[in-house]
Structures are given as structure tokens and as C-alpha cells.
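Reader: Could you walk me through this one, taking one topic at a time?

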Amino acid sequence: MHLVRGRDWEVELTTALIAEDEALLASELREELAKLWPDLRVCEIVHDGRAALRAFEEHRPDLLFLDIQMPGP
């Protein structure tokens, strides 16, 4: 969860990582998620396996949207 604080409030947002090697599909997924789940915070979109591992370690998202076949480990 990602904590967002305002002056007199705070909200926990669910975080997600999108790992998709096709940029258009990644963008479409982000757009659909924004429509269906406005409070979801996509912390990063990555395009290969190595970047997905790095982004996961860095952000520790609540959800992962992973492509089945991607370049890299």
C-alpha cells in the first residue's frame, strides 16, 4: 500500500506494477485500470524481465500484472 497524505487527511492506495514488453498493450492496460480502479497507483511500467525484477524490488507493489512471455529472465 502507498500512503498518500494531505494536510488533514491520509489515504492508502493499492500499488501495482505492469510488466509488458509491448508498449501499446501496457498503455492500454494502464488506461483500463485507471477507468475501472481510479485509486490504483501504477508505480511503474516495465518492458522486460530484468526491469520487472528491479522494479519489484524497488517498489514492492501490492499487485503485479505480468506478461506471460517477455525478454529477459
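Reader: What do strand 3, helix 1 and strand 4 make?
Author: In this predicted model, strand 3, helix 1 (residues 23-36) and strand 4 make a right-handed β-α-β unit, where right-handed means that, with the strands pointing away from the viewer, the path from the first strand over the helix to the second runs clockwise. Helices (H or I, at least four residues) and strands (E, at least two) are DSSP runs, numbered from the N terminus.

Reader: And in which sense do strand 3 and strand 4 pair?
Author: They pair in the parallel sense over five bridges, pairing being called when DSSP finds at least two bridges between two strands; Ile 18, for instance, has Ile 45 of strand 4 as its bridge partner. Strand 5 (residues 63-66) also runs parallel to strand 3, joined by four bridges, and there Leu 66 is the bridge partner of Ala 19.

Reader: Is strand 3 buried or exposed?
Author: Five of its five residues are buried, so strand 3 is largely enclosed by the rest of the structure; buried means under 20% relative accessible area with a 1.4 Å probe, protein chains only. Thr 15, Leu 17 and Ala 19 point one way, and Ala 16 and Ile 18 the other.

Reader: Which element gives the most to the largest nonpolar core?
Author: That core has eight residues, among them Leu 17, Cys 43 and Met 70, a nonpolar core being buried Ala, Val, Leu, Ile, Met, Phe, Trp, Tyr and Cys residues joined through side-chain atoms within 4.5 Å. Helix 2 gives the most, with three residues.

Key. Residues are numbered from 1 along each chain as its sequence is written. This is a predicted model: local features need pLDDT of at least 70, side-chain atom pairs count only at pLDDT 80 or more; totals for chains, interfaces and linings use all residues. Side-chain values use heavy atoms; hydrogens and water are left out. Buried means under 20% relative accessible area, exposed over 50%, partly exposed in between (1.4 Å probe, protein chains only).
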